[in-house]
Amino acid sequence: MNRRLAAVLAVLALALVFAAPAAAEKSIIIGLASDALFLDPSQQDETITNTMGRYMYDGLLNNDAQGIPSPALAESWSVGDDNLTWTFNLRKGVTFHDGTAFTAEDVAYTIEVCRTSLLKNFTSSIKEVQVVDPHTVKIVTNAPTAILLESLVALRILPKEYRTKLGETAFNQAPMGTGPYIFEEWIKEDHISMKANENYWGGAPKIKKITMRPISNAATRTAALLTGEVDIIEDVPVRDVAKVKSTEGIEVVDRPSERLIYLHVDSHRAKGPGIIDLDKNPLADIRVRKALSLAINRDSIVKMIMNGNAYATNQMVLKGRRGYVEDMPEAKYDPEEAKKLLTEAGYPDGFKVYLDAPNGRYPNDGQVAQALASQLTKAGILVELRLHPKSTFFDFVRPGDKSSLVMTGWSEPIDVGEMASVLFYTRGKNPAKGGSNRGHYANAEFDSLIDEADGTADPDKRRLILEKAARLIVEDVGIVPLYFQQDLYGKKSSVVFEPRVDKSILAYEMDVQ
Amino acid sequence: MLKYLVKRFFQTAVVLFVVSVIVFCVMSFTGDPVLMIVPPNATDAQIAEARIALGLDQPLWVQYKVFLFNLLKGDLGISYIFKRPALTLIVERMPATLELVFLSVLISVAVALPCGVFAGAWPNNPISRAIMGGSLLGISLPSFWVGILMIFYFAVEKGLLPSSGRGTTDTLFGIPFAFLTRDGFRHLILPAVTLALGTLAMLIRLIRAQIMEVLRQDFIKFARAKGVSWKSLLFGHALKNALVPVVTVFGMQIGSLIAFATVTETIFAWPGMGKLLVDSINTSDRPVIVAYLMIVAAMFVFINFIVDIVYTLIDPRIDLR
């Protein structure tokens with residue numbers, strides 16, 4: 001018996017000896033809500049794909065935690081007198097993970113690739129790319145473009161030689177960039193593993209080994225955190241927050257999400273396809289739109305339906321983004337005033353309208369839409385709710401002849417100008433703008449502000465114009481902002497982590513104690 | 001036998017053809033895949049361009065014709081989302097699903113046979129009543145609930161087993177399997193048991209009913225009169241005669257387990273093909289959905305074929321012709 005015990009102890013001692021050096025190496029397991037669609041960042045604009053683009057690649061610029069671009073592969077830049085030609089000085093001595101040098105050719109190649117991929121909206125402002133020398137690249141824009149730097153963040157620099165040799169499909173299976181982490185293995189829906197790039201230009205990462213695990217079921221993801229199988233998870237379900245908080249050694253971290261939940265209002269068409277009982281469009285009357293906004297109790301929606309895990313707002317973007325208006329008046333809740341305005345507008349008995357909303361696209365979206373319907377109905381806008389599954393919702397609410405009141409969400413990574421050109425610019429005026437103007441908002445003054453903002457290369461000037469535009473459309477009730485969602489993370493107390501506005505969990509910025 | 005095989009082959013072709021038509025028509029009623037693959041701020045022209053690139057601007061019957069010709073060449077289409085062949089996507093996830101289903105089938109049979117026979121032979125025994133009560137629970141409880149409960153009891157509260165994922169795998173014939181490693185096997189237990197519960201409960205009830213029915217027949221009385229022992233009477237005479245309907249149901253059940261282990265896979269973050277189906281439905285990735293359903297249909301046809309063969313082994317009186 002004693003001999004056996006001794007043997008066991010010896011084995012344990014040996015195990016400790018061998019385990020010791022491994023324990024010194026910091027590693028982390030991250031539980032994500034879904035797998036990456038691609039590891040080739042030029043193929044998709046989607047949160048997890050973008051996150052992986054941050055691990056293995058760099059842009060000319062990278063976003064900081066607040067979404068502000070900062071120098072990365074480009075060390076410095078300047079705009080020419082024509083306001084069109086941007087000269088970027090590239091960082092010297094940077095290599096891809098296989099040791100080949102990063103040069104201006106890779107920049108030109110990346111932009112060419114993205115022009116024909118799903119990232120083409122980030123390259124649409126670029127007219128041409130000139131390789132001046134291996135460490136200098138000139139980018140010429142079609143028009144003065146203040147958002148060029150933000151757009152460049154999305155273009156993760158691809159290795160020209162390696163990717164051309166492998167081809168698109170094989171590259172996606174064996175990705176490589178200049179980023180802080182080197183790809184090791186990708187088993188679909190199971191894990192992605194990476195190791196630290198010790199030669200990273202920004203300094204070697206503190207955490208050496210990364211495992212990303214997609215766990216799509218929220219309860220399972222929480223369980224994996226509670227059992228210690230993963231170190232940090234995203235999207236802690238609201239119902240589990242209390243349980244996670246009460247567990248020793250585990251914490252919940254939150255921050256406002258980029259995603260705004262808001263209403264599109266059919267504000268300018270003479271006839272509203274979603275108006276049920278009238279042959280005209282009452283929503284074209286500003287008094288009716290004001291009544292609509294007044295009838296909504298945002299605070300109660302946030303408190304009762306979102307369990308407090310959201311932020312009621314009257315803004316289009318988060319603070320810090322261009323187009324956030326410092327002194328924007330709070331959204332008021334006043335059903336009596338709403339009724340009065342409706343009566344004034346000639347609808348004392350109200351009118352019937354469809355509200356189109358997704359069910360299962362955003363947290364609690366169906367319930368929020370139900371609450372909206374009942375609040376609006378109480379004030380005299382008799383809402384009939386049409387809930388759509390997420391796969392058919394965006395098809396149904398495309399601008400056209402189906403809906404007049406749409407609840408949806410938008411996550412804006414750049415500023416109000418970008419958001420407005422997609423969602424609120426008059427349709428038909430400019431083929432590149434107003435593509436998803438579901439409320440058919442049409443306001444010449446607003447459009448000219450957006451055009452003006454898109455015509456300057458000066459970010460500060462753009463900011464002033466966009467603040468004006470945001471104030472204009474909110475006062476005109478062309479948009480009814482409801483709330484910003486909340487991003488919730490669960491983590492072990494030993495993990496040092498600050499949530500980012502783009503929702504990426506970036507190990508390079510983190511540490512494990 | 002050859003004549004039977006040929007006949008069977010033609011039946012299969014007809015079944016698959018009909019399935020493909022139905023699946024294709026149903027698919028066209030789901031969401032518009034084009035909107036899923038263009039940037040959110042795409043212009044109408046870009047959307048039209050993407051539609052043409054995918055061939056979705058053509059009338060449905062033309063799309064179907066293209067699909068059918070490609071199918072005959074063994075090409076099930078390219079995923080809109082992943083830009084890789086739909087068949088590859090499904091096949092690379094199949095081993096994970098198959099090993100999960102295999103273990104849960106083993107569990108079902110190992111538990112259901114003795115329990116079912118016992119409950120059929122001694123229906124009034126308190127143990128039989130307990131078995132039947134339990135099986136009722138097994139049938140009624142939804143697997144997503146059982147799965148979550150298992151995770152919270154065995155993984156979170158007791159810390160006995162891992163909560164999710166596939167763990168470490170090892171390769172066999174070049175294919176990675178989890179059951180080959182200790183860690184992988186530990187990961188396999190909870191999802192396999194969860195998946196087994198429904199089938200298990202149903203098999204118990206079916207076997208019990210069959211055994212009770214068979215035990216009432218004359219040849220059993222005769223065998224008892226002849227002095228055959230209880231054990232060989234139950235497992236030799238009664239069970240063998242009770243098995244034909246059980247095998248039918250069991251075959252269908254294996255098919256559904258492989259095809260629709262979706263819920264269990266999602267809960268346990270098991271990287272199988274069921275999850276692929278759910279994700280593809282959510283993103284309107286038509287080629288993957290269609291390929292998946294075609295494979296499932298082919299699999300069911302194949303399993304039924306095997307079941308028919310098994311009939312003749314169990315009961316020589318059954319003639320395939």
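Among contacts in chain B between residues at least 6 apart in sequence, 70% join residues at least 24 apart. The model is predicted, and the predictor gives the complex an ipTM of 0.81 and a pTM of 0.83.

**Chain B overall**

- The C-alpha trace of chain B spans about 85 × 60 × 35 Å along its principal axes.
- Chain B has 321 residues, of which 36% count as buried.
- The mean pLDDT of chain B is 84, and 98% of the residues score at least 70.
- Within chain B, confidence is highest in helix 5, at 89, and lowest in helix 2 (residues 33–37), at a mean of 75.

**Contact between chains A and B**

- Chain A puts 32 residues into the contact, and chain B puts in 37 residues.
- On the chain A side, the elements giving two or more residues are helix 4 (120–123), strand 10 (209–214), helix 8 (218–226) and helix 14 (390–396).
- By class, that side of chain A has 13 nonpolar, ten polar and nine charged residues.

**Helix 5 against helix 10 in chain B**

- Two packed helices are described by the angle between their axes and the distance between the axes.
- Helix 5 (residues 86–121) of chain B packs against helix 10 (residues 230–259) of chain B at an angle of about 150 degrees, and their axes are 11 Å apart.
- Angles over 145 degrees count as roughly antiparallel, and helix 5 and helix 10 of chain B are therefore roughly antiparallel to each other.
- The crossing of helix 5 and helix 10 of chain B is right-handed.
- From helix 5 of chain B, the residues in this contact are Thr97(B), Leu98(B), Val101(B), Ser104(B), Val105(B), Val117(B) and Ala121(B).
- Their partners in helix 10 of chain B are Leu234(B), Phe235(B), Leu239(B), Ile254(B), Leu257(B) and Ile258(B).
- The residues of this contact divide into eleven nonpolar, two polar and no charged.

**Helix 9 against helix 10 in chain B**

- Helix 10 of chain B also packs with helix 9 (residues 218–226) of chain B: the axes come within 11 Å and cross at roughly 145 degrees.
- This crossing of helix 9 and helix 10 of chain B is right-handed.
- Ile220(B), Ala223(B) and Arg224(B) in helix 9 of chain B meet Leu233(B), His237(B) and Ala238(B) in helix 10 of chain B.
- By class, the contact of helix 9 with helix 10 of chain B has four nonpolar residues, one polar and one charged.

**Two buried serines in chain B**

- Ser280(B) belongs to helix 12 (residues 273–282) of chain B.
- Ser280(B) is buried because 25 other C-beta atoms lie within 10 Å, where the cut-off is 20 or more.
- Neighbours within four places in sequence aside, Ser280(B) is in contact with Asp285(B), Val288(B) and Ile289(B).
- Tyr292(B) is twelve residues from Ser280(B) along the chain, and their C-alpha atoms are separated by 9.8 Å.
- Ser284(B) sits in the loop between helix 12 and helix 13 (286–314) of chain B.
- Ser284(B) is buried because it has 23 other C-beta atoms within 10 Å.
- Ser284(B) and Ile37(B) are 9.7 Å apart in space, C-alpha to C-alpha, and 247 residues apart in sequence.

**Buried face of helix 10 in chain A**

- In helix 10 (residues 286–294) of chain A, the buried residues are Val288(A), Arg289(A), Ala291(A), Leu292(A), Ser293(A) and Leu294(A).
- Their cover includes strand 12 (250–265), helix 12 (335–344), helix 13 (365–379), strand 15 (381–389) and strand 17 (479–492) of chain A.

**Positive phi in chain A**

- Most residues other than glycine have a negative phi.
- Asn83(A), a residue other than glycine, has a positive phi near 65 degrees.
- Asn83(A) is placed in the loop between strand 4 (74–79) and strand 5 (85–90) of chain A, and with 16 C-beta neighbours inside 10 Å it counts as partly exposed.
- Asn364(A), also not a glycine, has a positive phi of about 55 degrees.
- Asn364(A) lies in the loop between strand 14 (351–359) and helix 13 of chain A, and with 20 C-beta neighbours inside 10 Å it counts as buried.

Technical notes: Residues numbered from 1 in each chain as written. Chains lettered and ligands numbered in written order. Predicted model: local features only at pLDDT ≥ 70, side-chain atom pairs only at ≥ 80, totals over all residues. Contact = placed C-beta atoms within 7 Å. Helix = DSSP H or I, 4+ residues; strand = E, 2+ residues; numbered from the N terminus. Nonpolar A, V, L, I, M, F, W, Y, C, P; charged D, E, K, R; others polar. Buried ≥ 20, exposed ≤ 12 C-beta atoms within 10 Å, placed from the backbone. Axes fitted to C-alpha atoms, helices over the stretch in contact; angles between N-to-C directions. Parallel < 35°, antiparallel > 145°, perpendicular 65-115°, else oblique. Left-handed = near helix turned anticlockwise from the far one by under 90°. pLDDT = per-residue confidence, 0-100.
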